[in-house]
Amino acid sequence: MADVGVRAARREDVLQVANVQVRAWRYGYRDFLPEGPLEQMTGAAAEKMWLRQWDEAIVAPPTSRHRVLVAVETILDTEGFPALGVGGSAALATPRGGERVVGLASHAPAEDPDLDPTVVSEMLTLLVDPDFVRRGHGSRLLNATVDHLREDGYRQIVTWAFADNYAVLGFLESAGWGEDMAERVLDMGRPIRMVRLSTDIS
């Protein structure tokens, strides 16, 4: 069995946060991003860069409105984990009573020029380790993000997603988000379209 929850990220989480990001990107983006750019985003050199960036974001954020949250599972009993299916083998690697970071979310004041950063925040990251999907971690991270931003006085949240990332788009749309007509195109060897979604939290 495992106890689950969401909390603010701490310095000791940096390595696990970077690992979750890389694993989630490799798994979640493999069907629509070109192989070369994806390798550049998730290879050994990139991992070192993400470690530095997450350390800074967690330990010394630019403002109190820049936050990193983590979803965690605390292993209470290792008996029967092989029967759990997806994530069971990973759970076995976590010591009994140990806490494992299995997802992350980050947010900051919105920077798009058409948005007011005093009332609009951007969810920069929402990722769950592929071995721990479909356990409610994404929903808990999303709900915690909304709670924090309401407390900060924000009225709207936006996020950017790959237009072909149907899993993320479907998840956000089921939670009440919708595309707001803004888009951008990245050059990754071929054009890769991103769309902006938003939700009202006032």
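**A walk through the predicted fold**

The accessible surface of the protein chain is about 10700 Å², and carbon and sulfur atoms hold 51% of that area. Areas follow the Shrake-Rupley method with a 1.4 Å probe, and for residues only the protein chains shown count as cover. This is a predicted model, in which local features need pLDDT of at least 70 and side-chain atom pairs count only at pLDDT 80 or more, while totals for chains, interfaces and linings use all residues. Residues are numbered from 1 along each chain as its sequence is written, and side-chain values use heavy atoms, with hydrogens and water left out.

Start with the parts list. The protein chain has six helices and seven strands. Helices (H or I, at least four residues) and strands (E, at least two) are DSSP runs, numbered from the N terminus. Along the sequence the pattern reads β-α-α-α-β-α-β-β-α-β-α-β-β. Of the 202 residues, 47% count as buried. Buried means under 20% relative accessible area, with exposed over 50% and partly exposed in between (1.4 Å probe, protein chains only). Take the contacts (heavy atoms within 4.5 Å) between residues at least 6 apart in sequence: 70% of them join residues at least 24 apart.

Seven strands form an open sheet in the order 1-2-3-4-5-7-6, with mixed pairing. Strand 1 (2-8) and strand 6 (178-187) are the edge strands, each pairing on one side only. Two strands pair if DSSP finds at least two bridges between them. From one strand to the next, the twist averages 25 degrees.

Helix 1 packs on this sheet and touches strand 2 (67-75), strand 3 (99-109) and strand 4 (120-128). Its direction makes about 85 degrees with that of strand 3. Such angles run from 0 to 180 degrees between N-to-C directions, and axes are lines fitted to C-alpha atoms, for helices over the stretch in contact. Helix 3 (residues 44-59) lies across strand 2, strand 3 and strand 4 as well. Helix 3 runs at about 100 degrees to strand 2.

Look next at strand 5 (residues 156-162). Strand 5 pairs with strand 7 (residues 191-200) in the antiparallel sense, over seven bridges. Here glutamine 156 stands opposite aspartate 200 in strand 7. Strand 4 and strand 5 run parallel, joined by three bridges. Six of the seven residues of strand 5 are buried, so strand 5 is largely enclosed by the rest of the structure.

Strand 3 holds histidine 107. Histidine 107 counts as buried because its relative accessibility is 1%. Leaving aside residues up to four places away in sequence, its contacts include Arg65, His66, Glu122, Thr145 and His148.

Finally, the helices among themselves. The axes of helix 1 (residues 14-28) and helix 2 (residues 35-42) come within 10 Å and cross at roughly 170 degrees. Helix 1 and helix 2 are therefore roughly antiparallel. Angles under 35 degrees count as roughly parallel, over 145 as roughly antiparallel, 65 to 115 as roughly perpendicular and the rest as oblique. Val22, Trp25 and Arg26 of helix 1 meet Leu38, Met41 and Thr42 of helix 2.

Helix 2 and helix 3 pack at about 45 degrees, with axes 5 Å apart. That makes helix 2 oblique to helix 3. Gln40, Met41 and Thr42 of helix 2 make the contact with Ala44, Ala46, Glu47 and Trp50 of helix 3.
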